[in-house]
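Here are my notes for going through this one together. Have a look at the model first, then read the points in order.

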Amino acid sequence: MSSRSMAMDIYLEHKDRLAPDDALASRSRRPLGALRAQSLPIPPPRTSFSSDANGADMNLFQSPRTSISSFTSMKSAGSSATTYTYSTAPSTPVSLVSRRSPHSSQLQLRPKTLRRPVFQGLPLEIYDCILQQLRVLHEDPASQSCQTCHLRDLCSLALTSRAWDKAVVKRMYDRIHLVGPDSKEQMKKYKMKTGVRLKLLRRTLRERSFLAQHVLELKVPCLQAEGDPLRKGMINIVASLVMACPNLERLVGFYPVYGHEFDRLTHALSTRKKLKEQMWLIGENAAITQRSQKQLAPGLMDPEQKESFVSFHHAWTSLTTLFLHSPGLGILEKDIFVSIKNHGDPRRVQGPGILHRLPALKHLCISSFDMDDFDDYTLQYLPALHSLRLQDLEGVTFWGLSEFSRITNAFSLRNLSLINLDVMYISAISNLLLHLKNLRRFTLVQDTSPEVAEGEIAILPIIASHLLEFLHWEIIVPGSANVNLADSIRAKGFPRLRTIRAPSDHLGLLQALCKPRAQIELPSDWNSINNAHTMAPDSLLTSRRAAQQRLEEAWNTVQFKVVVQEEDFVHEIFDLNGFIGEIGSKIDYSLEPDVPGSDQAWIDFPDVVSGRDEMAFKDSCRGLWNASNPGGYKWWQHTERPRYRRVDLLDFF
């Protein structure tokens, strides 16, 4: 046998063992490029191929017309191994038919460089969007989750990768909500009676200042009542926690009463330059009360008390929302609210006027002060605002409101709420709606009905506003106010009105001007409808039931008859039942509360200050959100705590 024939036999025997690059090149019918020789990590191969008796050599494969991979086999007494070394030389390409080799698993190619995971290249905005949606899921009113479950999910994400950890840290600490009491295990472990989580959080923020810089909102438990010996200690702990957060914007859920005496929490808040919300609960002071028995206002507060209270507002250049509320016999002098010009010399201004010292102030609520503290004259000096709420102020009358509607600073108002001011004449309300061109929301709540003054000429529409979109109209005692409002709406006095909430719509006059509705009662009302003793006359549940009854009565009343008649013969008569509302109206009739689950339409201070929902445990969580975790009960279970539903202070307006 010739050497050439032997070489062809060897080629036919090993033709299925072509290197992958050669097979790929032959399959694509493209010239093979210069490949780098590769070999498996085995003992050093022999330099020659084992030949038969005739001594065939592999050099015969290197012909001028073809380029074939070299094959080397080596055997030893201790082991048997085979190495494939494939290389090509510049030559004319040939077409070889290659199929999958049964020995292809023996080939080891050079490992390719792993690509960078996609999520590592995502911008932080994508992570923030995902985390924001996760927070929405946890804070949804229909959710079975709580703040503890939310933090547990954030911790799990932070352990996923460094990219997630960088994005989660900010979301984990920007809004810290500590809800409900401390667990018994924690109190036993740290030997404390209260404030265990507060102290642990304080230690973390002090040791890691970069985490404290992320804190924008802080919610602390509100469990200690006034007079509780532990309350003072808790106030000091909260004060030290506030001092550890340099960028704090809001302290929610914990509003201690300020009695014109120094306390650490008030001082700590006064040093936060980025604070955006502050609620003052002005309490009674023994020295001021004793002084009021001997003299009349003004002058009941001594200069030190005034200076101390005013000094708290010096650093609040970013404050946008301010509440001044007196739940008892608290007193603030007129000149503390605003700077009043001196009648003798108009160039001189009397009083510090804290409202004029807050350059970013946009939303103001003043509630429950005596006429010696806040009256019509004080109202005229309010700064330019976006939202204003006046509640339970004896010194504010219809005359003061009418004058206020004409001052320049009032023209910027977008939201106005008048709660329990007992406005006598409807002309004051008409002036407010007429002159405040930027007003979008208006709320009027009072017992008596404002009437047309004797001798006044009423021209329709009596009250009107071209830009008003939301109207809350609640007059407890029936009168002509609802009739005048209904006539004004019918006379196109509110072209942009989209929502009206009238819990005291006694005759359904306003309901008849809105879009027809098939259902007004909420699903949660069915459990309370049969219990008549729980339905107060002025409750929102009673209002929804009355509106629903008006709908049902209209459904059972024939309002139209359709007669199908041909000449003198009547073929058929159809009775069409009625409905309440106007087809084509753009106004929605709403009887839903500001605070979900409340029986009062408008939000009030007890909804925010008392913390009654947090202590009642009506809606609690033990970790069922993560119950499907394979770790079992010990992993997902946590101390039972109430679900905290955050109430935004802007809902007051």
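1. A salt bridge here is a side-chain nitrogen of Lys or Arg within 4 Å of a carboxyl oxygen of Asp or Glu. Bear in mind that this is a predicted model, where local features need pLDDT of at least 70, side-chain atom pairs count only at pLDDT 80 or more, and totals for chains, interfaces and linings use all residues. Residues are numbered from 1 along each chain as its sequence is written, and side-chain values use heavy atoms, with hydrogens and water left out.

2. The whole structure has 16 salt bridges. In one of them, arginine 135 meets aspartate 174 at 3.2 Å, N to O. Arginine 135 sits in helix H3 and aspartate 174 in helix H5, so the pair ties together parts 39 residues apart in sequence. (Helices, H or I of at least four residues, and strands, E of at least two, are DSSP runs numbered from the N terminus.)

3. Are these two partners buried or exposed? Arginine 135 counts as buried at 9% relative accessibility, and aspartate 174 is buried too, at 11%. The cut-offs are under 20% relative accessible area for buried and over 50% for exposed, with partly exposed in between (1.4 Å probe, protein chains only).

4. Aspartate 174 also forms a salt bridge with arginine 171, with the closest N and O atoms 3.9 Å apart. Those two are three residues apart in helix H5, so about one helical turn separates them.

5. Now the second largest pocket, at about 800 Å³. Among its 29 lining residues, Thr148, Leu151, His177, Leu178 and Arg197 are the closest to the centre. A pocket is an open set of points on a 1 Å grid over the protein atoms alone, where a 1.4 Å probe fits, with protein on both sides within 12 Å along at least five of seven lines; lining residues have an atom within 4 Å of a point. Points are joined across faces, edges and corners, and the volume is the space filled by probe spheres set on them.

6. H4 gives the most to that lining, with seven residues. Helices H3 and H5 are among the elements that each supply at least two.

7. H7 (residues 196-207) supplies at least two lining residues as well. Its buried residues are Val196, Arg197, Leu198, Leu201, Arg202 and Leu205.

8. Elsewhere, helix H17 (residues 481-490) is mostly covered, with seven of its 10 residues buried. Those buried residues pack against helix H16, strand S14 and strand S15, where contact means heavy atoms within 4.5 Å. Lysine 492, which follows H17, has a positive phi near 65°.
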